[in-house]
Amino acid sequence: MNWDDAAQAAPDRLLGAAADSDDQAVEAALRPRDLGEFVGQERVREQLGLVLQAARQRGGTADHVLLSGAPGLGKTTLSMIIAAEMGVPIRITSGPAIQHAGDLAAILSSLAEGEVLFLDEIHRMSRPAEEMLYMAMEDFRVDVVVGKGPGATAIPLELPPFTLVGATTRAGLLPPPLRDRFGFTGHMEFYAPAELERVIHRSAGLLDVSVDAGGAAEIAGRSRGTPRIANRLLRRVRDYAQVRADGLVTRETAAKALEVYEVDARGLDRLDRAVLRALLTLFGGGPVGLSTLAVAVGEERETVEEVAEPFLVREGLLARTPRGRVATAAAWTHLGLVAPQHSGGTGSGTGPGQTGLFGP
Ligand code: ADP
C-alpha cells in the first residue's frame, strides 16, 4: 500500500487531504478561476504566469507542466487555470485510470488543438502507457501497435499539439525521462496560516457563510496547511454555527465545533493523537518499531505510516529513526504529559518497555 492507497483507505477522515465525494460536489464552486484569484504559492504563480504569457504572445501551446505536492494543495485547480488562461478546453484523467497504452492513445488522439490534458497521479501510470507518453510529449506523435506477436505493426499517429499538466504527490518517483520532458515544474508548498485565512474568507464569501477574523484564524490553524482541509473544516464549522450558535463563525464557535469533530488546536485528529499517546504512555516516547506501535493503536501498519505519521513528522512531534519511532519534546507538551527524566524523545538510549504507563 502506498500513500495514495492509504489515503483512500481512510476516505471519511475529516483531515484526510484526498477529496471525498462531499468535497467534489462543492469544490467546483470554490475553485479560483484565474491566477489572480489563486491564493499563495507565489513562486509557482509567478513562474507559471510567465510560461503562459510567453506562450500566448507566441501564439503557441504552453510547455508541458509538472505540478508536485501533497493532495489538496491546488494542483487540479492550477491545471484548470492554465486551460482558462490559455483559452483552451481541458481533459481530466489520472494515472491509475490509464492502465493500457491503448487507453492513452484513445485520449491523446481525441484532444483538440492546444487542449490541456490533466493527468493526476501521473506516477501511477502503467509502464507501457508511460513510454507512449514520452513520444507524445516530445513529438506529438504516438505509435499504435496493431496485432500481436510477429505480425504486430506500429502505425504512427500524428497528434495535435497539446499541453500536458502532470500532477504527482512525489516528483521523486517519476522516471527521469518523463520528468525531463516537462518544460516547467512547479513545487507546491503547504500554505501558511495567513494564506489559509484568505482561502477561508474567500470560500466563506462564495458559500454565504459569515466568518470573522478570529474564526478564520482558528480554522486555518487546524487545517494542516491544506486548502482542501480548510474548506472542509469551514463547512463543518458552518453547520455547527448554524445549529448551535447564531450563524456567525467566531474563534470560539470554530474551536467548539472542531472539538466536536475531534480536530485539536494543532490540526491533529483522533488517529494522530492515538498514535502519539501510545508512543508516549506505552513506550515512554520510544524508540519503538512501527509494527508494535500500529498494534498498540489497533491500526494497520500502513495506516499509521502513511496516514498519521507524515503530519506528525512535519509538525515536529515524531521522528523516524533507524531504531524506531521517537516522540519529540513537543509531543509531550502537546498532549500535556511530562516526559520521564531519562527519555525526552530524542533517542537517548531508552528501550521500549523500560518506562511507560507504570514506569518510575
Ligand atoms: P489537488 O489537485 O492538489 O489535490 P485541488 O486543486 O483539487 O487540489 O484543490 C482542492 C480545493 O482547495 C479546491 O476546491 C480549491 O478550491 C481549493 N484550493 C486549492 N488551492 C487553492 C488556492 N491556492 N487558493 C484558493 N483555493 C484553493
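**A quick tour of one predicted chain**

Let's start inside. The largest nonpolar core has 46 residues, and those touching the most other members are Leu-78, Ile-200, Val-211, Ile-219, Leu-233 and Val-249. A nonpolar core here is a set of buried Ala, Val, Leu, Ile, Met, Phe, Trp, Tyr and Cys residues joined through side-chain atoms within 4.5 Å. Buried means under 20% relative accessible area, exposed means over 50%, and partly exposed is in between, with a 1.4 Å probe and protein chains only. Helix α10, residues 227-244, gives this core its largest share, seven residues. Domain 1 (31-187) and domain 2 (193-260) each supply at least three residues to the core. Those domain bounds come from an automatic or database domain assignment.

A word on the source. This is a predicted model, where local features need pLDDT of at least 70 and side-chain atom pairs count only at pLDDT 80 or more, while totals for chains, interfaces and linings use all residues. Residues are numbered from 1 along each chain as its sequence is written, and side-chain values use heavy atoms, with hydrogens and water left out.

What does Val-249 touch, not counting residues up to four places away in sequence? The list is Val-209, Ser-210, Val-211, Asp-212, Gly-215, Ile-219, Val-237, Arg-238, Ala-241 and Ala-254. Contact means heavy atoms within 4.5 Å.

Now the whole chain. The protein chain has 15 helices and nine strands. These are DSSP runs numbered from the N terminus: helices are H or I, at least four residues, and strands are E, at least two. The C-alpha trace spans about 75 × 55 × 30 Å along its principal axes. Of the 360 residues, 49% are buried. Take contacts between residues at least 6 apart in sequence: 70% of them join residues at least 24 apart. Ala-29 lies in helix α2, residues 21-30, and is partly exposed at 48% relative accessible area.

Next, the annotations. UniProt, in an unreviewed entry, lists residues 61-194 as "domain: AAA+ ATPase". UniProt positions are in the numbering used here, feature names are shortened, and annotations may be inferred rather than shown by experiment. That stretch is 30% helix and 27% strand, with its end C-alpha atoms 35 Å apart.

The unreviewed UniProt entry also lists Thr-76 under "binding site". Thr-76 sits in helix α4, residues 75-86. Is Thr-76 buried or exposed? Thr-76 is buried, because its relative accessible area is 18%. Leaving aside neighbours within four places in sequence, Thr-76 contacts Arg-31 and Phe-118.

Arg-301, Arg-320 and Arg-325 are listed under "binding site" too, again in the unreviewed UniProt entry. They span 25 residues in sequence, yet no two of their C-alpha atoms are more than 14.1 Å apart, so they gather at one spot. Arg-301 is in helix α14 and is partly exposed, at 39%. Not counting residues up to four places away in sequence, Arg-301 touches Leu-290, Ser-291 and Ala-294.

Last stop, helix α14. α14 bends by about 45° at Ala-308, and Pro-310 follows within four residues. The bend is the angle between axes fitted to the seven residues ending at a residue and the seven starting there. Buried residues in α14 include Thr-303, Val-307 and Phe-311. After α14 comes Gly-316, with a positive phi near 70°.
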